[in-house]
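This briefing gathers computed features of one model for a reader who has the sequence and coordinates at hand.

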Amino acid sequence: MSAVCVYCASGPVDQPYLDLAAEVGRTLAEQGHVVVSGGGNISMMGALVNAAREAGGHTVGIIPRALMKHEVADLGSGELVVTETMRERKRLMDERADGFITLPGGIGTLEELFETWTGGYLGMHDKPVVLLDPVDFYAPLLDWLRELSTTGFVARRSLDRLLITRSVSDAVELATAR
Ligand code: AMP
């Protein structure tokens, strides 16, 4: 059993994105994995944790006190940790996870993706960092980064550190492989 931190959107999104987040939560729970999240119950973050719990899973939410209202704190979480700062939230989310899965999201999600990804290729941790992208949401970003790798701004080795997949089951397998 592993704990997997899932990063995803906190804004209003279309049903297919909510369904994707729910499928990830359900799949993790059905396989006995703990879901670590930002502790909000809105948008994809909410779909993720609600589906995980409906499937009998354990969820750990970690949310800064100042965001409890804005992100609708997930009071039904198996464990809800309230932090005083965003940095503390991120540190605890990282510490509690054995692996990471990033789904489509906004700048908060991107920030979390880049932090765990860069930490991985710099050797600060050895946890799997997975990008689950079934609808090519991240294609423009990945195209740009691959282009940068031809100029030396981005090392090929760092691109290879990110495990990219279109499949929910593959994402779960990759994130829990350690
Ligand atoms: P977003 O992808 O912008 O919808 O945000 C998704 C989640 O990322 C939300 O829970 C935000 O609170 C969180 N977030 C926003 N900024 C940051 C940050 N600098 N570090 C970590 N998480 C963040």
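In this predicted model, the lining of the largest pocket is made up of eight nonpolar, five polar and five charged residues. The space in that pocket comes to about 290 Å³, while about 30 Å³ lies in the largest cavity. The strands form an open sheet of seven, paired in parallel, and helices α1 and α2 pack against each other at an angle of about 30°.

**The largest pocket**

- The lining of the largest pocket counts 18 residues, and those closest to the pocket centre are E71, R89, G108, T109 and E112.
- At least two lining residues of the largest pocket come from each of β1, α3 and α4, and α4 gives the largest share, with five residues.

**The largest cavity**

- When the whole structure is searched, one cavity of 30 Å³ or more is found.
- The residues that line the largest cavity are Y7, K90, D94, E112, E115 and T116, and by class this lining holds four charged residues, one polar and one nonpolar.
- Two or more of the lining residues of the largest cavity are supplied by α3 and by α4 (107-121), with α4 again named as the source of the largest share, here three residues.

- Read across the open sheet, the strand order is β4-β3-β2-β1-β5-β6-β7, and the pairing is parallel.
- The edges of this sheet are formed by β4 (79-83) and β7 (162-165), each of which pairs on one side only.
- On average, and with direction ignored, neighbouring strands of the sheet are turned by 25° against each other.
- Within the sheet, β1 (residues 3-7) pairs with β2 (residues 34-37) over three bridges in the parallel sense, and C5 has V36 in β2 as its bridge partner.

**Helices against the sheet and against each other**

- On the α1 side the contact involves Y17, L18, A21, A22, V24, G25, R26 and A29, which meet S43, M44, A47, L48, A51 and A52 on the α2 side.
- Sorted by class, this contact of α1 with α2 contains eleven nonpolar residues, two polar and one charged.

Key:
Residues are numbered from 1 along each chain as its sequence is written. This is a predicted model: local features need pLDDT of at least 70, side-chain atom pairs count only at pLDDT 80 or more; totals for chains, interfaces and linings use all residues. Side-chain values use heavy atoms; hydrogens and water are left out. Two strands pair if DSSP finds at least two bridges between them. Helices (H or I, at least four residues) and strands (E, at least two) are DSSP runs, numbered from the N terminus. Axes are lines fitted to C-alpha atoms, for helices over the stretch in contact, and angles run from 0 to 180 degrees between N-to-C directions. Contact means heavy atoms within 4.5 Å. Ala, Val, Leu, Ile, Met, Phe, Trp, Tyr, Cys and Pro count as nonpolar, Asp, Glu, Lys and Arg as charged, and the others, Gly among them, as polar. On a 1 Å grid over the protein atoms alone, a cavity is a set of points where a 1.4 Å probe fits but cannot get out, and a pocket is an open set with protein on both sides within 12 Å along at least five of seven lines; lining residues have an atom within 4 Å of a point. Grid points are joined across faces, edges and corners, and a volume is the space filled by probe spheres set on the points.
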